[in-house]
Amino acid sequence: MREEFPISITASSPRVDTLRRARLRLLDELSERGKGTCPCCGRIARYRRVALSSGLAWFLIRLYKLGLFSDGRWVHYSDAVSRGSKKLGGLSYGDLRHWKLIEPRYDAKPGQWRLTHHGKLFVNGERSVEKRLLIFDGKVRKRSEETTTIKQALGTRFDYDDLMKGVL
């Protein structure tokens, strides 16, 4: 009888690069250079650097104001943007979930969000968050030591007091 696999391959064999090993190798390369090549598929992988920008801070205030009169109200992101500035439509509002400032609604149509308790505290100026995050594969890999408040995140582009007018 003919042997189909004449070479003995074991898990400890240097020729076998398990998925776990490949992932660890890619993460090492990302840590060193900020980008790397996946040993399994050959695609380029990069860390995403995300900062809490003035547009994201503005969006948090819009969610806060739209959800004020019914605690825990889900708001579709397009409702928050359409009632405000059209210039801010291209931001990645979903990134705010990495700061745990908003949460998505999973049991309904996509795009619905609401502020978390942490998000409400941030909008009210009672809490600060990390200024920047390093994200890979949908997970936060590193948080900056530098923090920001809602007013600092808004910068000079928006005035916090003007945005919060009408809030008790």
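Which side chain does E146 meet in a salt bridge? The views below, drawn from a predicted model, take up this pair and several other local features.

**View 1. The salt bridge between E146 and K131.**
The side chain of E146 meets that of K131 in a salt bridge, with 3.4 Å from N to O. E146 lies in the loop between strand 9 (139-143) and strand 10 (147-148), while K131 lies in the loop between strand 7 (129-130) and strand 8 (132-136), so the pair ties together parts that are 15 residues apart in sequence.

**View 2. The salt bridge between E103 and R114.**
Among the nine salt bridges that the structure holds is the one formed by E103 with R114, in which the closest N and O atoms are 2.6 Å apart. E103 belongs to strand 5 (residues 102-104) and R114 to strand 6 (residues 112-115), and the pair, 11 residues apart, thus links distant parts of the chain. E103 is partly exposed at a relative accessible area of 29%, and R114 likewise counts as partly exposed, at 25% relative accessibility.

D162 and K165 bring their side chains together in a salt bridge, at 3.3 Å from N to O. D162 is partly exposed, with a relative accessible area of 46%, whereas K165, at 56% relative accessibility, counts as exposed. Elsewhere, salt bridges that share partners join K131, R132 and E146 into one network.

A search of the whole structure finds zero disulfides. For C38, the closest cysteine sulfur is that of C41, and because the two sulfur atoms are 3.7 Å apart, they are too far from each other for a bond; the cut-off applied to such a pair of sulfur atoms is 2.5 Å. C40 is in no disulfide either, the nearest cysteine sulfur being that of C38, 4.5 Å away. C38 itself is buried, with a relative accessible area of 17%.

Three strands form an open sheet in the order 4-6-5, and their pairing is antiparallel. Strand 4 (75-76) and strand 5 stand at the edges, each with a single partner strand, so one side of each is left without a neighbour in the sheet. Strand 4 is joined to strand 6 by two bridges, the two strands running antiparallel, and V75 stands opposite W113 in strand 6. Helix 2 (residues 54-66) lies across strand 4, strand 5 and strand 6, and runs at about 85° to strand 6.

Strand 8 is mostly covered, with four of its five residues buried. Strand 3 (residues 48-51) runs antiparallel to strand 8 and is joined to it by four bridges; within this pairing, R48 stands opposite I135 in strand 8. Strand 8 also pairs with strand 9, again in the antiparallel sense and over four bridges, and the bridge partner of F136 in strand 9 is K139. Strand 8 and strand 9 form a hairpin with two residues between them, and D137 in the turn has a positive phi of about 60°.

Conventions: Residues are numbered from 1 along each chain as its sequence is written. This is a predicted model: local features need pLDDT of at least 70, side-chain atom pairs count only at pLDDT 80 or more; totals for chains, interfaces and linings use all residues. Side-chain values use heavy atoms; hydrogens and water are left out. A salt bridge is a side-chain nitrogen of Lys or Arg within 4 Å of a carboxyl oxygen of Asp or Glu. Buried means under 20% relative accessible area, exposed over 50%, partly exposed in between (1.4 Å probe, protein chains only). Two strands pair if DSSP finds at least two bridges between them. Contact means heavy atoms within 4.5 Å. Axes are lines fitted to C-alpha atoms, for helices over the stretch in contact, and angles run from 0 to 180 degrees between N-to-C directions.
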